[in-house]
Structure formats: structure tokens, C-alpha cells
Amino acid sequence: MRWRRRRDGLKSWKPAEPPVVITEGMEVGGKLVLSRPAILNGAISGHVTATESLVVGEHATVNADISAASVVVRGIVFGSITASREIELAPSAMVRGTIQAPSIVIHPGAYFEGACHMVPGRQTGAGTGIH
């Protein structure tokens with residue numbers, strides 16, 4: 001998966017295959033296991049596990065624990081987020097819970113209430129992972 005910077009400064013990807021998309025108006029509950037990049041824009045509850053990147057869209061409300069390679073949050077998340085690479089909270093994000101990753105980016109305007117843990121892991125680029 002290749003990451004690129006968008007004009008607004010947020011990261012996005014150019015996937016080799018189309019992502020899984022849960023659209024606005026859809027409700028999913030239980031254990032959601034994803035093996036491809038995914039975009040969530042609906043209402044999700046339970047637990048979400050993704051082996052690749054996960055985007056919580058602006059219209060999403062997630063009441064679940066999330067585990068993925070990298071996570072970009074643009075919507076609402078109530079629960080813990082764990083990523084093996086990076087977590088990014090966009091200006092429109094609202095997160096209540098614990099976030100844990102080697103690299104954490106919180107953009108101005110994002111709302112975050114909870115605990116933040118930076119754990120050793122694969123770093124992208126130079127530096128400590130603090131942006």
C-alpha cells in the first residue's frame with residue numbers, strides 16, 4: 001500500500017485493490033474482520049480488526065474497539081484504537097478512549113479524550129513519531 005499526502009495535509013492511500021466500504025446508513029454489529037483496506041461511514045458496534053489500513057469516515061459513528069495496521073479517524077469513535085503503524089486524528093475527528101501506536105498524529109481541531117500510548121514499533125521516516 002502506498003501512502004500519499006493530500007492537499008489538506010491528511011494521509012490517504014492508493015490501494016492495489018478496492019477498499020471495503022461500509023456506507024452511511026448501514027449498521028454493523030459484532031466482530032468485523034477485514035483483510036483489505038477499509039472505509040467506514042456507517043454505524044459500527046462491537047470490535048473491528050483490520051490487517052491493513054482503516055479510515056473512519058466523517059459520517060461514521062463507531063462504538064467499538066479498533067485494531068488495524070494504520071487508522072485515520074475523521075468521524076466519531078468511542079473505544080480503544082490500536083495500530084501497528086500509525087493513528088491519525090483529522091480535524092473532524094472525535095475520539096473517546098485509548099489510542100496506542102508507534103506514531104500518533106492529532107491535527108488541530110480534532111477532539112480527543114482518553115489515554116494516549118506510543119509504543120515501540122516500525123517508524124515511518126526519521127524522528128520519534130511525534131508530529
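In this predicted model, R96 has a relative accessibility of 39%, so it counts as partly exposed, falling between the 20% and 50% cut-offs. E113 is likewise partly exposed, at 42%. The side chains of these two residues meet in a salt bridge, with 3.5 Å from N to O. Because R96 sits in strand β11 and E113 in strand β13 (residues 111–118), the pair ties together parts that lie 17 residues apart in sequence. A search of the whole structure turns up one salt bridge.

| Residue | Strand | Relative accessibility |
|---|---|---|
| R96 | β11 | 39% |
| E113 | β13 | 42% |

The largest nonpolar core holds 28 residues, and I66, V73 and I81 have the most contacts inside it. Among the elements giving two or more residues to this core are β4 (27–34), β6 (43–50), β10 (81–89) and β11 (94–101). The biggest contribution, six residues, comes from β8. What does I81 touch, leaving aside its neighbours within four places in sequence? Its contacts are I66, V71, V73, I87, V95, T98, I99 and Q100.

Stepping back to the overall fold, the protein chain has 13 strands and zero helices. Of its 131 residues, 40% count as buried. The chain exposes about 6700 Å², with carbon and sulfur atoms supplying 53% of that area. Among contacts with a separation of 6 or more, 12% involve residues 24 or more positions apart.

Definitions and conventions. Residues are numbered from 1 along each chain as its sequence is written. This is a predicted model: local features need pLDDT of at least 70, side-chain atom pairs count only at pLDDT 80 or more; totals for chains, interfaces and linings use all residues. Side-chain values use heavy atoms; hydrogens and water are left out. Helices (H or I, at least four residues) and strands (E, at least two) are DSSP runs, numbered from the N terminus. Buried means under 20% relative accessible area, exposed over 50%, partly exposed in between (1.4 Å probe, protein chains only). Contact means heavy atoms within 4.5 Å. Accessible areas come from the Shrake-Rupley method with a 1.4 Å probe; for residues, only the protein chains shown count as cover. A nonpolar core is a set of buried Ala, Val, Leu, Ile, Met, Phe, Trp, Tyr and Cys residues joined through side-chain atoms within 4.5 Å. A salt bridge is a side-chain nitrogen of Lys or Arg within 4 Å of a carboxyl oxygen of Asp or Glu.
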